[in-house]
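Hi everyone, thanks for coming.

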Amino acid sequence: MSSEVKLDPWGHISVKDYGWLMRTFGIKPFNEVLDKLREIAEPNRYMRRGIVFGHRDFGKKVINPLSKGEPVALLTGFMPSGRFHFGHKLTADQIIYYQKLGVKVHVVIADAEAYAVRKMDREKTIEIGLYEYIANLIALGLDPSKAVFYFQSNQKPTYYRLIQMFSRKVSLAEMEAIYGTMEPSKVVSALTQAADILHVQLDDYGGYKNVIVPVGADQDPHLRLARDISDRFHNELNLERPASTYHMLQRGLDGNKMSSSKPDSTIFLTDDLEVARSKLMKALTGGRATVEEQKQLGAEPWKCTVYDFYMFQLIDDDKRLQEIYDSCISGKLLCGHCKRNAWSILEKFLEDHQKKLEKAKDIVLKYVDPPKF
Ligand code: SF4
């Protein structure tokens, strides 16, 4: 990937070369903080497996304060433009992990951005934010009584004041250097994202000076802008740089980018079981052209989206995952059997989750105040 390529957090480029991202933007390898993290908590499977591959200031802003019992906040956001799928679950699992470590979780529903950049209908974004995103987070295990949920278009005035203030110290040329071609909707959305990331440092929102933002690799532009802005407002607003982690994006079932707008590329957590099964059975694998060839040569799990599902979502036990990998490359495991095994795990998860989701939908409005128009 050329250094001229800009990352587009609004979704037009998928980041395949994570090494390029780290070299170009100075992101540090996450494995360098794993041992230190183990002193206070067991890393989750995304961290152990290198799916969370990079970080900025994780030791300084997360491990050190947690080890001293100091407060840490997490900020993460969801764009309410489609249904909640397994790519979103990757972020959800991480924020639940941090909540269990005592981190104060803040979840923003980026409805203003969905309206301005994705041209979504307002009512639809609010409904999706409530009943897809927040409800799924609760059903997955996020404790809503210990989390803060908000919509971008329904915050307190001090949050909007940040957006106005930030506009004074950022130039259009600088934003274009980070994001590529800009237009008013993207300028406002980018400054709003910076306010999302930084507002938890204000006294009105808890005054958290240690903030972690776990993001997919394609969201780094927002972190770079927010960190630059925090430097410029360090004296005026006492803002500090947030820490971040970067995770790989799980490929879609067709081997390309997973997306809500391509329903066959992913499994939604609300998919009817038969629909989900059918998608998994049709998923791209790393299998050979014939059974005989596969028995002889072994398959290629690194090309396989079913293996991705095992690695990202279905199997927490590293030893069990290694066994699947070994049986796959040795040719002992055949794709039909392997997919049925994956489905048996996934089916149990979906059945259980969908029951929890119905209950979560009933309580969502206790925990968030949606915009009125
Ligand atoms: S055996 Fe399983 S992991 Fe290996 S390529 Fe086939 S479906 Fe993928």
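Let's start with a definition: two strands pair if DSSP finds at least two bridges between them. Helices (H or I, at least four residues) and strands (E, at least two) are DSSP runs, numbered from the N terminus. Do keep in mind that this is a predicted model, where local features need pLDDT of at least 70, side-chain atom pairs count only at pLDDT 80 or more, and totals for chains, interfaces and linings use all residues. Residues are numbered from 1 along each chain as its sequence is written, and side-chain values use heavy atoms, with hydrogens and water left out.

Now, strand E3. With strand E6 (residues 211-216), E3 pairs in the parallel sense over 2 bridges, and there Leu-74 sits opposite Ile-212. E3 also runs parallel to strand E4 (residues 104-109), joined by 6 bridges. To get from E3 to E4, the chain passes through helix H5 (residues 86-100) in a right-handed β-α-β crossover, meaning that, with the strands pointing away from the viewer, the path from the first strand over the helix to the second runs clockwise. Within that pair, Leu-75 faces His-106 of E4.

How many of the 6 residues of E3 are buried? Here 5 are, where buried means under 20% relative accessible area, exposed over 50%, and partly exposed in between (1.4 Å probe, protein chains only).

On to the loops. Asp-57, between strand E2 (52-56) and helix H4 (58-67), is no glycine, yet its phi is positive, near 60°. Asp-57 counts as partly exposed because its relative accessibility is 24%. Lys-119 also isn't a glycine, and has a positive phi of about 60°. Its relative accessibility is 60%, so Lys-119 counts as exposed.
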